[in-house]
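Okay, everyone, thanks for coming. Let me put the structure up, and then I'll walk you through a few spots in it.

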Amino acid sequence: MQHGPVVRRRKLGAELRALRTTAGFTSGEAARLVGWHQSKVSRIETGTSGAKPADVRLLLDAYGVADDQLRDLLVMLARPEDTGGRPHWWHAYRGVLPTAYRDFIDLESQASAMRTLETTVIPGLLQTPEYAREVTRVAGDGRTAEQLDTLVEVRLARQDVLRGAPPLELSAVLDEAVLRRQVGGAGVMARQLARLNEAARLPHVRLQVLPFAAGAHIGVTGPFVIFSFASTSDLDVVVIDHLTSSLHLERKEDLEAYTEAFNALLIHALSPEDSLDFIAATAAGA
């Protein structure tokens, strides 16, 4: 298990090494092509040291990589706070957002798909403003009203990934407890469940409820998120949140284990259609 920035360096290095090999160059030949010492190429490929966006572009040019989407993604991994010299929208909030949260938003903004198990709260991408405010308030005692407003603003801004072109493909399994927990009171929950119903009808959003009747399941160990990227599965990563930090899992065996776990949850969960009915019944107080 590694923290976000280390994962980025390792993933970036692995991808650059694969691209160099495909192009038919040794590390020494690649270094000569870009005017570096071989040790710099080796340090970047092993993730020992980071790479600047300009370094990545130089290597990609040398390897003849023309895929714009892949290039943009690898440049993003080189410097999470900056893509092509233009700060990401959340750069303005860096004084308020913890590093782990910025890492998460980075991945979310670049991913093509997101699979998530939620056992306690509605996924952030589907929260209403008032629900988001209540969740943010209880999760951060001691924050000023201004800081609280800022964090809610960030959470709502994140939801733009569902309105992009193309939008993020979201598949979420929600434990029944998520729907039953009265966050902010009955009125807030009624509007939040209506928002879920609306989101579930979008073609790129798939919601499935895991009812209490399903009994014990592999998800009882806690929530997790799997991010996938269109250009290469080698950049996929699992994120597990803790109270004060996040852990990123990027080994092949970890990804396979969590993918299998998520697929098992889909089998035990209600179908998307039945889940809509369940959400509606919950909203009606049944």
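So, Pro-166: you'll find this proline in the loop between helix H8 (145-158) and E4. Helices here are DSSP runs of H or I with at least four residues, strands are runs of E with at least two, and both are numbered from the N terminus. The peptide bond from Ala-165 to Pro-166 is cis, with omega near 0 degrees. As a reminder, most peptide bonds are trans.

Quick housekeeping: this is a predicted model, with local features needing pLDDT of at least 70 and side-chain atom pairs counting only at pLDDT 80 or more, while totals for chains, interfaces and linings use all residues. Residues are numbered from 1 along each chain as its sequence is written, and side-chain values use heavy atoms, leaving out hydrogens and water.

Next, His-204, in the loop between helix H10 (186-200) and E5. Buried or exposed? His-204 has 11% relative accessibility, so it counts as buried; buried is under 20% relative accessible area, exposed is over 50%, and partly exposed is in between, with a 1.4 Å probe and protein chains only. A polar atom of the His-204 side chain lies 2.9 Å from the backbone oxygen of Leu-162. If you skip neighbours within four places in sequence, His-204 is in contact with Leu-162, Pro-167, Leu-168, Glu-169 and Leu-170, contact being heavy atoms within 4.5 Å.

What order do the strands take? It's an open sheet of 6 strands, E5-E4-E3-E6-E7-E8, with mixed pairing; strands pair if DSSP finds at least two bridges between them. E5 and E8 stand at the edges with a single partner strand each, so one side of each has no neighbour in the sheet. On average, neighbouring strands are turned by 15 degrees against each other, direction ignored.

Looking at the pairs, E4 and E5 are parallel over 6 bridges, and Val-173 has Gln-208 in E5 as its bridge partner. E3 and E4 also run parallel, joined by 6 bridges, with Arg-115 opposite Ser-171 in E4. And E5 is mostly covered, with 5 of its 6 residues buried.

Now for what sits on the sheet: H11 packs there, touching E3, E4, E5, E6, E7 and E8, and its direction makes about 110 degrees with that of E6. Those angles run from 0 to 180 degrees between N-to-C directions, using lines fitted to C-alpha atoms, for helices over the stretch in contact.

How far apart are the ends of H11? The end C-alpha atoms of this 17-residue helix (residues 252-268) are 25 Å apart, which agrees with the 24 Å it should span at 1.5 Å a residue; the expected span is 1.5 Å times one less than the number of residues. Its buried residues are Asp-254, Leu-255, Ala-261, Phe-262 and Leu-265. They cover an arc of only 130 degrees around the axis, so they're on the same side of H11; the arc is taken from the directions from the helix axis to the C-beta atoms. Turned away from that buried side, the other face carries exposed Lys-252, Glu-260 and Ile-267.

Last stop, Lys-11 in helix H1 (residues 4-23). At 5% relative accessibility, this lysine counts as buried. Its C-alpha atom is separated by 9.8 Å from that of Ala-78, 67 residues apart along the chain.

That's my tour, thanks.

Definitions and conventions:
Polar contact = N/O pair within 3.5 Å; in protein donor to acceptor, adjacent residues only side chain to side chain.
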